[in-house]
Amino acid sequence: MIKSYLKIAWRNMLNNKVYSGLNIVGLAAGMAVALLIALWVFNQYSYDKFLPNYKQLYQVELNFTDQHEGEHTQQAVSLPIADVLRKEYPEVKYVAESDWMGDHDLLVGDKKLYMSGAAVGSDFLKMFGYPLIKGNANSVLKDAYSIVLTQSTAKALFGDADPLDKTVRIDNKHDVKVTGVMRDVPKNSSLQFNYLLPFSYSEQTEDWMKNARTTYYNNSFQMFVQLQPNADYAKLAPKIRNIVYKGGPQMRPAKPLVLFHPLKDWRLYSEFKNGKEVGGFIDYVRMFSIVGILVLVIACINFMNLSTARSEKRAREVGVRKAIGSQRGDLIFQFLIESILITFVAFLLSILFVQLALPSFNTLTGDLISIPFGNLVFWCIMLTYVLVTGLLAGSRPAFYLSSFNPVKVLKGSIRVGKAASLPRKILVVLQFTCSIALIISTVIVYQQIQYAKNRPTGYRAARLITTDMSGDLSNNYDALKNDLLQTGMVESVAKASSPLTGIYMHTGIEKWPGQGAGELALNVGGVAVSDNYFKTVGMKLIQGHDFSSNWSSDTSNIIINEAAVKRMGLKNPVNQLINYDNVRGPARIIGVVKDALMESPFTPVEPAVFNHGRGGNFVIYRLSPTVKTRDAIEKITKIFNIYNPAYPFTCQFVDQEYNHKFNLELLVGKLAGVFAGLAIFISCLGLFGLAAYVAEQRTKEIGVRKVLGASVAQVWLLLSKDFIMLVMISCLIASPVALYFLSNWLQKYNYRVSIGPGVFVLSAIAALIITLVTISFQAIKVALANPVKSLRSE
């Protein structure tokens with residue numbers, strides 16, 4: 001019986017090639033979108049799940065509550081927390097401090113690699129369980145001057161030779177011995193690195209870390225813990241909250257509360273409220289999951305509409321089958337089999353679509369997603385996917401077609417097309433409501449990105465370049481600066497502990513003039529800069545003066561931004577004394593600089609303090625306005641190579657780095673645009689099929705109208721007006737729905753665009769134009785046809 005049904009279904013597909021093609025392509029496109037999103041969602045949920053102890057691993061974070069600035073949570077913490085956790089909390093099995101060092105130079109003979117790595121506590125590998133090919137996790141990080149390389153890094157440095165006990169020179173300053181080789185870190189790992197150094201290496205070689213173990217103010221480190229197998233974090237959380245606050249009166253930056261962030265939530269949950277996870281990237285994962293389902297539903301609606309629209313073609317078949325004894329259940333089963341067969345063909349086509357789209361999709365998202373062809377579980381899920389989609393798409397046609405009265409059908413007294421028109425119209429409205437809502441969402445996301453991009457940064461990013469500071473560059477900074485200026489390619493040079501697009505250290509202002517009774521310390525960003533820094537980057541001093549070229553005369557002087565002045569309520573800040581960083585003692589404010597966007601472009605500028613520092617992590621220089629960038633880089637490279645021979649020259653353009661802050665929003669906007677386009681395309685396929693069917697059904701009516709004098713425009717309007725009305729209804733429904741969800745999405749941004757009526761009007765116009773273009777081909781084709789041919793049988 002099933003074999004017979006399959007034969008009938010296959011013959012029906014071949015006999016109605018156009019409608020079958022529209023059904024298959026529409027379903028395939030919808031299934032491809034849903035499958036692509038499903039693969040992407042699965043990839044997001046797979047992050048870090050390969051680690052053996054991921055359920056017991058946490059990151060230590062600080063939740064700050066400030067009566068003026070509100071609440072925020074940060075990953076940067078201070079080192080004394082690690083000692084307290086080790087000594088006082090038996091629930092904690094391991095603690096690992098870490099300093100994510102950025103890119104550093106690895107030298108072996110004449111081979112130079114400039115790669116990212118981290119300095120981590122000795123228990124790090126025991127906690128995370130990254131598999132070692134060579135070495136023992138218990139001992140590879142014990143010696144301060146040791147290093148663990150990833151497999152690809154070891155091969156790049158040593159080729160096929162055994163790297164164990166070989167020497168690698170770090171930053172042309174220190175020699176370290178290779179004690180271990182680990183497998184490359186998977187792409188779906190939250191932590192990415194090419195080598196690991198012991199944390200004790202940083203403590204022994206970095207001057208800025210000398211007092212880090214004794215102060216809670218130096219929040220510059222990331223810290224990880226592993227709980228005991230039987231430990232319950234819910235019971236431990238209240239015990240650890242006040243670790244920093246109990247550290248002493250001198251160690252209270254804005255009442256920080258300690259919390260543990262589970263490894264399983266690192267990827268998807270990064271937003272906190274009252275110290276609890278409330279959202280993050282999971283919001284986008286959920287949003288695109290819904291989009292995938294909606295696009296699939298739109299494709300299924302196409303199938304339903306086209307199947308029921310052509311029900312007259314199969315009405316007699318149903319009547320004959322019922323007349324010779326077929327039960328309604330048999331007919332339902334037959335039509336569902338046909339639906340599943342079409343869905344299966346569409347699924348095969350959707351696999352091809354996904355395979356073709358994956359390279360571009362991976363480039364867009366930065367992920368490494370592939371179809372797991374060799375995974376049996378995947379194919380079981382896909383089989384279920386085909387069956388569910390086939391049943392969903394075929395349910396209404398099956399129940400509708402099987403309900404026909406055989407007597408009326410065989411007498412020819414039933415007009416089944418009109419009987420199905422209302423449900424079809426409702427489904428068309430639903431289709432276009434979803435599509436128009438996606439169009440509106442795409443426009444608003446784009447507007448939000450442009451709104452934030454147009455926000456004044458407070459510095460001049462154009463032609464501003466940064467290069468990571470090395471030991472050799474630091475030792476030869478003055479000579480480097482002079483040579484760069486003498487080329488004429490560079491107009492100004494400075495150095496700083498943080499780039500323009502981020503603040504790497506947070507500290508506290510303990511006391512300031514006018515501080516209220518019981519008012520807690522102010523958590524601020526801290527940046528050490530050289531003289532000429534503000535001129536180089538283009539920040540404007542609005543009060544006081546800049547640092548002098550004599551470092552020793554400015555050791556106790558600081559410059560603060562407008563946000564810090566406002567937060568402390570200082571009316572005349574210049575020459576006021578504050579207690580800053582607890583280690584420096586009283587510091588004198590010598591200037592106030594205009595607020596600059598050094599962190600998120602979507603949030604208010606945070607209070608910041610700039611001190612005059614000898615060292616620095618970055619060389620910052622501005623190209624002269626009259627030189628070509630390519631020529632300037634060529635000359636600059638030669639100079640950097642003179643003073644930094646161990647490093648390959650690298651640089652970052654500040655304007656490009658700033659644009660990277662919009663990567664997430666750009667990704668959301670591009671994905672929303674792509675899926676909105678596909679949703680419109682699928683909807684238009686169905687609309688095209690319905691327009692063709694309506695034109696076919698009304699051929700004789702149109703012939704009569706043309707004989708009686710109807711123009712082409714009148715016939716076109718006759719066939720188009722119903723569809724236009726349906727799309728207008730869709731616009732009226734989609735607008736408030738989109739407004740509700742987009743308003744909620746924008747609430748997460750302090751700096752956000754206002755949603756005006758223009759976006760809804762433009763989206764409605766776009767939808768109407770697309771609709772008219774889709775249906776006009778069929779409408780004009782019928783309007784131009786010779787009425788004699790359509791009326792010949794009368």
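Leaving out neighbours within four places in sequence, R622 touches R460, A462, R463, L464, M489, V490, E491, S492, T536, V537 and G538, where contact means heavy atoms within 4.5 Å. R622 itself sits in strand β23 (residues 618–623); strands (E, at least two residues) and helices (H or I, at least four) are DSSP runs numbered from the N terminus. The model is a predicted one, in which local features need pLDDT of at least 70 and side-chain atom pairs count only at pLDDT 80 or more, while totals for chains, interfaces and linings use all residues. Residues are numbered from 1 along each chain as its sequence is written, and side-chain values use heavy atoms, with hydrogens and water left out.

R622 is buried but has no salt bridge, and E491, the nearest side chain of opposite charge, is 4.1 Å away. Here, buried means under 20% relative accessible area, exposed over 50%, and partly exposed in between (1.4 Å probe, protein chains only). A salt bridge is a side-chain nitrogen of Lys or Arg within 4 Å of a carboxyl oxygen of Asp or Glu. The side chain of R622 does reach backbone atoms: the oxygen of A462 at 2.8 Å, and the oxygen of V537, which lies 3.2 Å from one of its polar atoms.

D48 is another buried residue without a salt bridge; the nearest side chain of opposite charge belongs to K49, 7.0 Å away. D48 is found in the loop between α2 (17–45) and β1 (57–66). Beyond its neighbours within four places in sequence, D48 is in contact with Y54, N188, S189, S190, L263 and W266.

Side chains of opposite charge can pair when their charged atoms come close. Across the whole structure, a search finds 12 salt bridges. One of them joins R86 and D83 at 3.7 Å, N to O; these residues are three apart in helix α3 (residues 80–88), so about one helical turn separates them. R86 is partly exposed, with a relative accessible area of 41%, and D83 is partly exposed at 25%. D83 also forms a salt bridge with R213, with the closest N and O atoms 3.5 Å apart. Because R213 lies in the loop between α6 (199–205) and β10 (222–227) and D83 in helix α3, this pair ties together parts that are 130 residues apart in sequence. A further salt bridge links D123 and K126 at 2.8 Å, N to O. D123 counts as buried at 15% relative accessibility, whereas K126 is partly exposed at 24%. Elsewhere, salt bridges that share partners join D83, R86, E97, E203 and R213 into one network.

S600 lies in the loop between β21 (586–593) and β22 (608–612) and is partly exposed, with a relative accessible area of 29%. The side chain of S600 reaches the backbone nitrogen of F602 at 3.1 Å. Apart from neighbours within four places in sequence, S600 is in contact with R455 and K661. The C-alpha atoms of S600 and G502 are separated by 8.4 Å, although the two residues are 98 apart along the chain.

For the protein chain as a whole, there are 25 helices and 24 strands. Of its 794 residues, 52% count as buried. Among contacts with a separation of 6 or more, 79% are between residues 24 or more positions apart.

Notes
Lys and Arg count as positive and Asp and Glu as negative; His and the chain ends are not counted. A polar contact is a pair of N or O atoms within 3.5 Å; within protein, one must be able to donate a hydrogen and the other to accept it, and residues adjacent in sequence count only if both atoms are side-chain atoms.
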